[in-house]
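Subject: Structure for your review

Dear colleague,

Please find below the structure that I am handing over to you. My notes on what was found in it follow directly after.

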Amino acid sequence: MLTGTQIAVIGGDARQLEIIRKLTELDAKLSLIGFEQLDHAFSGAVKEKIDEVDFSHIDAIILPVPGTGLEGQIETIFSNEKVTLEEEILSQTPAHCTVYSGITNSYLTGVTKSADRRLVQLFERDDVAIYNSIPTVEGTIMMAIQHTDFTIHGSNIAVIGLGRVGMSVARTFRALGAKVKVGARKSEHIARITEMGLTPFNLKEIEDAVKDVDICINTAPHLVVTASVISKMPTHTLIIDLASKPGGTDFRYAEKRGVKALLAPGLPGIVAPKTAGQILANVLSQLIMEDLQKRKGNTK
């Protein structure tokens, strides 16, 4: 249980509702910032403005999956209030206060470091990323069906990257009857692709590999699907980029050439917010509970 633990949940989308529900069930006391338009009420959770919260008692801060913007602004779906996470706020918290976010950027990393507060990126964890790959794959299938006039079965699909998402995407599209090739750089990934019964290619050969693809799915978080690569694709090719913003695709050139390219980060929160929220809620509650037990142990 999290009795006596005080947590600030700042902004976010429908996924945060599952996190709030789980933490209140564990008897944590929550300050909800950026939720004044939320109709639902949770026992043990109070809606507050950021300047009304006494951060000197806050044991943990939970941010939305994207964390903050590059100027500290926080996305608030359930509020019109402008919410910004500043170093001054973090400095008011106890030294043990931990900030939880899905991902980070230069601002969030810098402000937590300056305030000397621990930052935990949930999406860096294997368990979260693997669980999240399930709704991500379902969302990718949905987009492929919506934006093409041919079946997935029998189509040529190139998946870029064999990370935790890439592996799930490749395996599932193969199970749907597609002819799947997967691009990677590491020799062990090439070996794994072969073991999975898929067609491997080295990313150095990507321009040759995409000459016959119907759908190209990128999971690499850096520019891989360049203008040169897109120029080799058939014009009917659909590009679905699952990497975090700004993605790994030259969207400007894709539009110029008439190739449909879709940036689709955060699919779990779009296609299955309840499941995606439960995944985060379970991991978060476990981490906060472990942190609480550690502090209790240190005070004995």
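The side chains of Asp 291 and Arg 118 meet in a salt bridge, with 3.8 Å from N to O; a salt bridge here is a side-chain nitrogen of Lys or Arg within 4 Å of a carboxyl oxygen of Asp or Glu. This pair links distant parts of the chain, since Asp 291 belongs to helix α11 (residues 273-299) and Arg 118 to strand β8, 173 residues apart. Helices (H or I, at least four residues) and strands (E, at least two) are DSSP runs, numbered from the N terminus. Asp 291 counts as buried because its relative accessibility is 12%, whereas Arg 118, at 43%, counts as partly exposed. Buried means under 20% relative accessible area, exposed over 50%, and partly exposed in between (1.4 Å probe, protein chains only).

Please note that this is a predicted model: local features need pLDDT of at least 70, side-chain atom pairs count only at pLDDT 80 or more, and totals for chains, interfaces and linings use all residues. Residues are numbered from 1 along each chain as its sequence is written, and side-chain values use heavy atoms, with hydrogens and water left out.

The structure holds 12 salt bridges. Another of them joins Asp 212 and Lys 181 (3.0 Å, N to O). Asp 212 sits in the loop between α7 (206-209) and β12 (215-218), and Lys 181 in strand β10 (residues 179-184), 31 residues apart. Asp 212 is partly exposed at 38% relative accessibility, while Lys 181 is buried at 16%.

A further salt bridge brings together the side chains of Arg 192 and Glu 195 (3.0 Å, N to O). These two are separated by about one helical turn because they are 3 residues apart in helix α6 (residues 187-195). Arg 192 is partly exposed, at 41%, and Glu 195 is exposed, at 53%. Salt bridges with shared partners also join Asp 59, Arg 118, Asp 291 and Arg 295 into one network.

Turning to the sheet, 6 strands form an open sheet with parallel pairing, in the order β3-β2-β1-β4-β7-β8. Two strands pair if DSSP finds at least two bridges between them. The edge strands, each pairing on one side only, are β3 (45-48) and β8 (118-121). Strand β2 (residues 29-33) runs parallel to β3 and is joined to it by 4 bridges; in β3, Val 46 is the bridge partner of Ser 31.

Yours sincerely,

A colleague
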